[in-house]
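These are my notebook entries on a single protein chain, written while I looked things up one topic at a time.

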Amino acid sequence: PSDRTYLRLHFYPLLHGAATYHLRLLLADRRGGKLLHLPVAASPEYKTNGADTSYDLALLRWGLKTLIWIARDHQSSQGGVPEEGNSTTFHSSLSPAPAVEKWESTLSSLAPYSISETTGYNIAANVPLTVGQRHFSHLLMIYPLQLEQWENPAARDLIARSVDHWVSLCQPKDGLKGGCAGYSYTGAAMFSILMGRGEAALSNITALLKTQSTVTGTTGMGAVVGPNTMYGERCKKLWPQPCPCMETPLHAADAIQSMFLQSGAGIVDVFPAIPSKWGEVVFHKLLAEGAFLVSGRWYFGEALFVRIESLEGEELVVRPRVRAPVSTIPNSVKLIPLKDGVFRIQGLVAGGEVMIYHLGAQEQIDRYTISSVAQKNSHHNFWGKH
């Protein structure tokens, strides 16, 4: 089935049920205010519970926003536009029926995240992050949900403050301390990528790959990355060998690809976090949100070209990082400037393709090819074997 069919028949009912469950947990403000609160709960693997956990608030906000988007997108695909505040106008093929008015009202009344002026997002109301936490559960609104985006200049200080504080408690000093583990490195890499910190992202991933026999916190969980890319941690002395944690190497692979391509903030962002030591980078047909296959070549500080194929004809906004002035092949596909380095693509239909390149480089068209980057043998490594 198509993505939209799966969305309507499978994902939407599942998310609807999860959101409905959480809506029933909401509590009125005890001081008589209009805010809605979540009860005392745990933030995964953190020692102290609290009300209005950042973890649950972020997930509920994302769930409600996504349900509203699905309902409106489905109505649009059926050729209609819902009346404002009237969920009954939505197409009946969505089941259970959308409750857009209720979802929007809840979003407007939901308690804000608890925030420290010095350390950023807290674990929960009156529960700051004070010890190392291998999971970044209190930062889900930044990644992976991207409710708070680096694209918004007003959000950057809080994002950086929150991430830097979390990372500072996970620094590998005399072994991994405070409960941090391999997944902390891949999480830190993803945050760094979203903030355009290519050097930090590379450092995070390299640190993971050099994790051969360290000790995590006081639990005695030995962590190891093997030559076959698998990662394991000793299971609190319940098993003599490290227990596999397959999410860590998969997340590391995702982080590496995300250094080439990001698309979660409504912009297809090409080469968002390339470290300076990576002089040449080539990737081919990575899939971006909106059903776009993206290819590109990076050469010492800038993109030589970016090629994008549209599979469904969806609207496309792109930051190609090609040196200005830029042009397109075919020239029937137009670049509409939106802000510095960001363009709306006009004229790219389903099945169509566009190449974005530096206008003054037509004589170097032979360089606009997808081919492997030549490497010295000394630069080759098996993943995990250094």
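**Entry 1: prolines and the loops around them**

I looked up Pro325 and found it in the loop between strand 14 (316-319) and strand 15 (326-329), where strands are DSSP runs of E with at least two residues, helices are DSSP runs of H or I with at least four, and both are numbered from the N terminus. I note at the outset that the model is predicted, that local features need pLDDT of at least 70 and side-chain atom pairs pLDDT 80 or more, whereas totals for chains, interfaces and linings use all residues. Residues are numbered from 1 along each chain as its sequence is written, and side-chain values use heavy atoms, with hydrogens and water left out.

The peptide bond that joins Ala324 and Pro325 is cis, with omega about -5 degrees. I then found a cis bond from Ile329 to Pro330, with omega near 0 degrees, and Pro330 lies in the loop between strand 15 and strand 16.

In the loop between strand 14 and strand 15 I also noted Arg321, which is not a glycine but has a positive phi of about 55 degrees. Its relative accessible area of 29% makes Arg321 partly exposed; the scale is buried under 20%, exposed over 50% and partly exposed in between, with a 1.4 Å probe and protein chains only. Lys285, in strand 11 (residues 280-288), likewise has a positive phi, near 55 degrees, and is partly exposed at 44%. I flagged these because most residues other than glycine have a negative phi, and most peptide bonds are trans.

**Entry 2: strands and their partners**

Which order do the five strands of the open sheet take? I read 9-10-14-17-16, with mixed pairing, two strands being paired if DSSP finds at least two bridges between them. Strand 9 (261-262) and strand 16 (334-339) stand at the edges with a single partner strand each, so one side of each has no neighbour in the sheet. Strand 9 runs antiparallel to strand 10 (residues 268-270) and is joined to it by two bridges, with Leu261 opposite Val270.

Seven bridges join strand 13 to strand 12 (residues 292-299) in an antiparallel pairing, where Val294 stands opposite Ile308. The hairpin of strand 12 and strand 13 has three residues between the strands, and in it Phe300 takes a positive phi near 45 degrees. Strand 13 is also joined to strand 18 (residues 353-358), again antiparallel, by five bridges, and there Arg307 stands opposite Met355.

**Entry 3: aromatic rings**

I counted rings of Phe, Tyr and Trp (its six-membered ring) as paired if their centres lie within 6.5 Å, with planes under 30 degrees apart called stacked, over 60 edge-to-face and the rest tilted. By this rule the count comes to 13 aromatic pairs. One of them is Phe11 with Trp62, edge-to-face at 6.5 Å centre to centre and 75 degrees between the planes. Phe11 belongs to helix 1 (residues 3-23) and Trp62 to helix 2 (residues 54-77), so this pair ties together parts 51 residues apart in sequence. Phe11 is partly exposed at 28%, and Trp62 is partly exposed at 28%.

Trp166 and Phe191 have ring centres 5.8 Å apart and planes at 70 degrees, so I logged this pair as edge-to-face. Because Trp166 lies in helix 4 (residues 156-168) and Phe191 in helix 5 (residues 182-194), the pair ties together parts 25 residues apart in sequence.

**Entry 4: Ser43**

Ser43 sits in the loop between strand 2 (36-37) and helix 2, and counts as buried at 1% relative accessibility. Leaving aside residues up to four places away in sequence, Ser43 touches Tyr55, Ile123, Ser137 and His138, a contact being heavy atoms within 4.5 Å. Ser43 and Ala124 are 81 residues apart in sequence, yet 8.0 Å apart in space, C-alpha to C-alpha.
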